[in-house]
Amino acid sequence: MKFKGKNILHFMERFPNDEACKAYLAKLKWHDGFTCPKCGHTKGCQKKGYKYHCYGCDKVESSTAGTLFHKVKFGLRKAFCIVFEMSTSSQSLSSIQMGERYGIRQGTAWYFMQKVRRAMESSKKYPLEGLVHVDEFVVGGQEKGAPGRSYKTNKAKVIIALELNEKRKVKRAYAKVIDDYSSKSFTPLFEQHISQSAKVVTDKWSGYNPLKKEYDIEQIPSNNGRNFKEMHIIIHKIKSWLRTIHAPVSKQHMENYLNEYCYRLNRSQAKRTIFHNNISRMVNANPVSQLQIINGN
Ligand SMILES: [Zn+2]
């Protein structure tokens with residue numbers, strides 16, 4: 001039942017219309033059986049249009065209700081296409097390009113893409129292990145006409161952790177927006193994403209000192225970045241990606257973009273199932289309102 005692969009023609013054949021997408025969602029949503037969200041009853045029957053009729057309270061539940069596909073107005077097939085592009089490409093499109101491609105307004109595309117990004121947020125169940133490099137950088141908020149020297153800081157400060165394999169290739173990454181470069185601001189990234197058994201390496205910044213109580217941290221000189229080459233490549237990639245998709249400068253949304261970037265990076269070995277994984281996450285996530293998306297909470 002799982003859709004696999006990155007081939008867009010196979011994808012189009014599998015999802016020729018909205019009905020096929022509804023069927024996919026229904027299978028995912030009720031694969032463990034039906035439980036009525038209103039009365040908790042588990043007996044019912046599937047109706048036409050991939051809906052479920054509850055015998056307990058007579059409620060008819062659609063396959064999109066209670067998921068991030070709730071109230072998608074431009075059609076499920078287009079929504080599936082956007083999820084496909086965002087999960088299988090190595091660099092996702094901007095909402096402007098996505099809007100043009102699927103004939104929907106840029107704003108509509110942006111809202112939906114924010115929902116997809118929410119589903120891409122880490123479960124925090126698999127902290128980084130082994131050799132982990134940690135560093136900080138600033139991104140976004142480039143003022144028009146003042147390249148490279150934006151004093152009015154709409155820039156977001158970010159802390160990032162990379163897990164490197166034996167060949168020093170990047171295996172996985174997590175990043176978080178921070179208020180400042182204090183150990184207090186660094187702590188959530190460590191607690192949520194780095195295993196206490198990991199071997200952490202940072203530059204000589206004193207903000208990491210207090211974390212040594214809980215983590216095995218070695219501090220080495222950055223040596224103009226030469227000791228953190230993999231780190232600087234990733235940071236460069238994130239920054240140029242954010243420029244190409246015209247990411248908004250606001251800090252609260254920045255984290256969603258970082259989640260998207262890390263989600264794809266962390267699944268570069270599992271690209272065949274990444275679309276299915278993303279759709280499942282969207283089915284299991286709670287619906288969000290436009291207001292919650294605007295406020296970034
Ligand atoms: Zn019911």
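These are legends for a handful of close-up views of one predicted model.

The model is predicted, so local features need pLDDT of at least 70 and side-chain atom pairs count only at pLDDT 80 or more, while totals for chains, interfaces and linings use all residues. Residues are numbered from 1 along each chain as its sequence is written, and side-chain values use heavy atoms, with hydrogens and water left out.

**View 1. Four cysteines hold the zinc ion.**
The SG atoms of C36, C39, C54 and C57 coordinate the zinc ion at 2.2 to 2.3 Å. Donors here are N, O and S atoms within 2.8 Å of the metal (3.2 Å for Na, K and Ca), and since water is not among the atoms, sites may look incomplete. Which arrangement do the four donor atoms make? Their angles run from 102 to 115 degrees, so the arrangement is tetrahedral. (Four donors count as tetrahedral if all angles lie between 85 and 135 degrees; four count as square planar and six as octahedral if opposite donors are over 155 degrees apart and all others between 65 and 115; anything else is irregular.) Along the sequence, the donor residues follow the spacing C-x2-C-x14-C-x2-C. C36 is buried, at 3% relative accessible area, whereas C39 is partly exposed at 39%. Buried means under 20% relative accessible area, exposed over 50%, and partly exposed in between (1.4 Å probe, protein chains only).

**View 2. Three strands line up as β1-β2-β3.**
Strands (E, at least two residues) and helices (H or I, at least four) are DSSP runs, numbered from the N terminus. This open sheet has antiparallel pairing. β1 (44-47) and β3 (60-62) stand at the edges with a single partner strand each, so one side of each has no neighbour in the sheet. From one strand to the next, the twist averages 25 degrees; axes are lines fitted to C-alpha atoms, for helices over the stretch in contact, and angles run from 0 to 180 degrees between N-to-C directions. β2 (residues 51-54) and β3 are joined antiparallel over three bridges, and two strands pair if DSSP finds at least two bridges between them. Look for Y52: its bridge partner in β3 is E61.

**View 3. Five strands build an open sheet with mixed pairing.**
Read across, the order is β6-β5-β4-β7-β8. β6 (170-178) and β8 are the edge strands with a single partner each, so one side of each is left without a neighbour in the sheet. Direction ignored, neighbouring strands of this sheet are turned by 25 degrees against each other on average. β4 (residues 131-139) is mostly covered, with seven of its nine residues buried. Nine bridges join β4 to β5 (residues 156-164), and these two run antiparallel; V138 has K157 as its bridge partner in β5. β4 and β7 pair in the parallel sense over three bridges. Here V132 stands opposite V200 in β7, and L131 has K199 as its bridge partner in β7.

**View 4. E218 and K199 make a salt bridge.**
Side chains of opposite charge can pair when their charged atoms come close. The closest N and O atoms of E218 and K199 are 3.6 Å apart. E218 lies in β8 (residues 216-219) and K199 in β7 (residues 199-202), so the pair ties together parts 19 residues apart in sequence. Both ends are partly exposed: E218 at 36% relative accessibility and K199 at 32%. A salt bridge means a side-chain nitrogen of Lys or Arg within 4 Å of a carboxyl oxygen of Asp or Glu, and the structure holds 13 of them.

**View 5. A salt bridge joins E260 and R117.**
The N to O distance in this pair is 2.5 Å. The partners come from distant parts of the chain, with E260 in helix α8 and R117 in helix α5 (residues 106-119), 143 residues apart. Are E260 and R117 buried or exposed? Both are buried. α8 itself is mostly covered, with 13 of its 16 residues buried. Its 16 residues (251-266) should span 22 Å at 1.5 Å a residue, and its end C-alpha atoms are 23 Å apart, which agrees. (The expected span is 1.5 Å times one less than the number of residues.)

**View 6. E19 and K22 pair up inside helix α2.**
Their side chains meet in a salt bridge at 3.4 Å, N to O. Both sit in α2 (residues 18-29), three residues apart, about one turn of the helix. E19 is partly exposed at 36% relative accessible area, and K22 is partly exposed at 26%. Elsewhere, K29, K59 and E61 are linked in a network of salt bridges.
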